[in-house]
Amino acid sequence: MGTDSADAVVIGAGINGMAAAARLAAGGWSVALVDGADDIGGFIATGERTLPGYRHDTYSSWHPLFVTGPVYAEFGEALLRHGLSYANTDGPLTASVADDGAVALAHRDVEETVAGFEHAEDRDAYRAMIAGFFAHAEQIGGLLGTELHSTAAWKPLFGLVRGGRPVVEGYVRDAATSGRSWMRGRFRGPETDHLWAPWLLHAGLAPDAASGGLMVPIFAATMHAAGLPVVVGGAGNFTAAWRGLLDELGVTIHTGRTVERILLRDGTAAGVAGDGWSLAANRAVIASVTPTALYGSLLPAGSVPSPVSEQAAAYRPGRAAAQLHVALSGPVPWRDARLAAVPLVHLSDGSASTGIACAEAEAGLVPRRPTVVVGQQHVLDPSRVPAGAAALWLQLQELPFAPVGDAAGALDTAQGWDEKLAAGLADRVLGRLEAQAPGLRELVLGVDVITPPDLLSRNPNALAGDPYGGSAELDQNFLWRPLAAAPKHATPVARLWHIGASTHPGPGLGGASGHLVAGTLLKPTMRSRLRR
Ligand SMILES: Cc1cc2nc3c(=O)[nH]c(=O)nc-3n(C[C@H](O)[C@H](O)[C@H](O)COP(=O)(O)OP(=O)(O)OC[C@H]3O[C@@H](n4cnc5c(N)ncnc54)[C@H](O)[C@@H]3O)c2cc1C
């Protein structure tokens, strides 16, 4: 398999692995990037999953985190040179449709958004929410992009402290508050809750989970500022651009190679091995895996202190997810015609229905009224579908991995996620959609369902079908992600680094953990400075 050693071996070619590999290679290291799957990208791919001519983003699709993150800042220009291009919205941004048909609609423009709010005080509160985020965006961004347990976190922290005790205390309270309570305390009408409570699902949270109070303003402000960019032609063109960049930088890519062991020499990471192959790592092994895999199976037993292995064994997945792709012969016949131009719509009554659906999933039930994320990427990028046609990217983020029943009492869950249950879920979802878009079913030409076990079989990091690499509840996030006993990207094993969605700053396409670790490795050490 080409070279059998490199300065760094990166396990996992998701966004964080690609970002780490690119940054190290640009800094002069030789890098091998290894992935068990047949292609790079992890949860980034495009396929004609229903019918020829319909290009569906198989998993992730929306790139606000990427375009506002450090990887795009460093490599964006190069990726554009390698064929990446984005389509985005300047107008309608996101909307929620309640079961009674009430629509809450956000535009890129904050003023246009608040113009739709019933109460004047809510308009002011919304403006204040967005302005409040931007007043400290640099510090919040700094904390989300840095090693929290390090002196590097001091600068953004001091920036917040300069605002005085109420500012810092305010953020701590927000982090301890659920999204539902945070919005209830600030808004009289339902619009903000309807709009942004379902977005908490995209952070792996629920409306009643702590830290929603921190995340709601972050989501809203980021999206008003950055929109909802999608890759022209599909997310597969993103991985193609990455492949071009990684090749140009000389990164050796090994796909179809599952790492089974991390090799140690004198207690120091020295390489990786799989079935019949191995690769030596001269300076670092960087693993984009879950702590469950890292400390539970990839490292030899006894190589880390017992609190680390014990906490890794207790690392919790979040709720499971499913992804449905639908080919339509024409645009969705929304009852509220404004929705035809909105790239991402939630079917949700806000915290009310989304909270219940999350609780049902946590109890092992397929929810009766699941929140449906309705992606209409073709609105931004018509090249993905045949002329005049449409496609839906439907996401469900409130599912049990091992269902014990159906909250509606209609679906048979006894065999787990078999074809019948998948079809039953698809029918429920299309029924919810049809209630807001009469005649929808007549337009359906094809449906593809990716169940929670399908997610896991594609990517071992999707523990129990969790798309986000582990629960993002407060005790397993921020200062304590992935583990309270090993919260940094440096691990207890010398030269072994941990990145990916399971590590700070968590899931999404920002690529910050890979970028951060590569930056740390490239920094001149005290010893190398003295040698000069
Ligand atoms: C259906 C779905 C939709 C999503 N939508 C969005 C979205 O629109 N926007 C957004 O920002 N985020 C979205 N997310 C979340 C986002 O995709 C992930 O958080 C992100 O891709 C995780 O990146 P990562 O670098 O941690 O690696 P991953 O993408 O998880 O990839 C990890 C890679 O490591 C490989 N690997 C793991 N273990 C081994 C091993 N032992 N040996 C070899 N290879 C190994 C896997 O094969 C995989 O390719 C979505 C996720 C899912 C599942």
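Mentor: One definition before we start: two strands pair if DSSP finds at least two bridges between them. Helices (H or I, at least four residues) and strands (E, at least two) are themselves DSSP runs, numbered from the N terminus.

Trainee: OK. Which residue stands opposite Leu 264 in β11?
Mentor: Ala 269 stands opposite Leu 264 there. Strand β10 (residues 261-265) and strand β11 (residues 268-274) run antiparallel and are joined by five bridges. The two strands form a hairpin with two residues between them.

Trainee: Before I go on, what kind of model is this?
Mentor: This is a predicted model: local features need pLDDT of at least 70, side-chain atom pairs count only at pLDDT 80 or more, and totals for chains, interfaces and linings use all residues. Residues are numbered from 1 along each chain as its sequence is written.

Trainee: Is Asp 266 buried or exposed?
Mentor: Asp 266 counts as exposed because it has 6 C-beta neighbours inside 10 Å. The cut-offs: buried means 20 or more other C-beta atoms within 10 Å of the residue's own, exposed means 12 or fewer, and partly exposed is in between, with C-beta atoms placed from the backbone.

Trainee: And what about Arg 495, buried or exposed?
Mentor: Arg 495 is buried, because 20 other C-beta atoms lie within 10 Å. Arg 495 has a positive phi too, about 65 degrees, although it is not a glycine. Look for Arg 495 in the loop between α18 and β20.

Trainee: Which peptide bond is cis with omega near 0 degrees?
Mentor: That's the bond from Arg 481 to Pro 482. Pro 482 lies in the loop between α18 (452-458) and β20 (496-498). The peptide bond from His 504 to Pro 505 is cis as well, with omega near 5 degrees. Pro 505 is in the loop between β20 and α19 (512-522).

Trainee: Since you mention α19, how many of its residues are buried?
Mentor: Eight of the eleven residues of α19 are buried, so α19 is largely enclosed by the rest of the structure. Among the buried ones are Ala 512, His 515, Val 517 and Leu 521.

Trainee: What covers the buried residues of α19?
Mentor: The cover includes α1, α3 (70-81), α6 (137-144), β12 (277-287) and β20. Contact here means that the C-beta atoms of two residues, placed from the backbone, lie within 7 Å.

Trainee: Switching topic: how is the chain split into domains?
Mentor: The assignment gives domain 1 (5-46 + 59-86 + 233-315 + 460-531), domain 2 (109-226) and domain 3 (317-455). Such bounds come from an automatic or database domain assignment. The C-alpha centres of domain 2 and domain 3 lie 27 Å apart.

Trainee: How many residues of domain 2 are in contact with domain 3?
Mentor: Twelve residues of domain 2 are in contact with eleven residues of domain 3. On the domain 2 side, α9 (179-184) and α10 (191-196) each supply at least two residues. That side divides into six nonpolar, three polar and three charged residues. For the classes, Ala, Val, Leu, Ile, Met, Phe, Trp, Tyr, Cys and Pro count as nonpolar, Asp, Glu, Lys and Arg as charged, and the others, Gly among them, as polar.

Trainee: Now the ligand. Which residues come nearest?
Mentor: Gly 12, Gly 14, Gly 42, Ser 60 and Pro 467 come nearest, out of 37 residues around the ligand. A residue is near a molecule if its C-beta atom, placed from the backbone, lies within 6 Å of it.

Trainee: What gives the most to that shell?
Mentor: α1 does, with three residues. Both α1 (15-26) and β13 (320-328) supply at least two. The shell divides into 20 nonpolar, 16 polar and one charged. Domain 1 and domain 3 each provide at least three of the shell residues.

Trainee: Last one: what's the strand order in the open sheet?
Mentor: Seven strands run in the order β7-β6-β14-β16-β17-β13-β19, with mixed pairing. β7 (103-107) and β19 (444-450) are the edge strands, each pairing on one side only.
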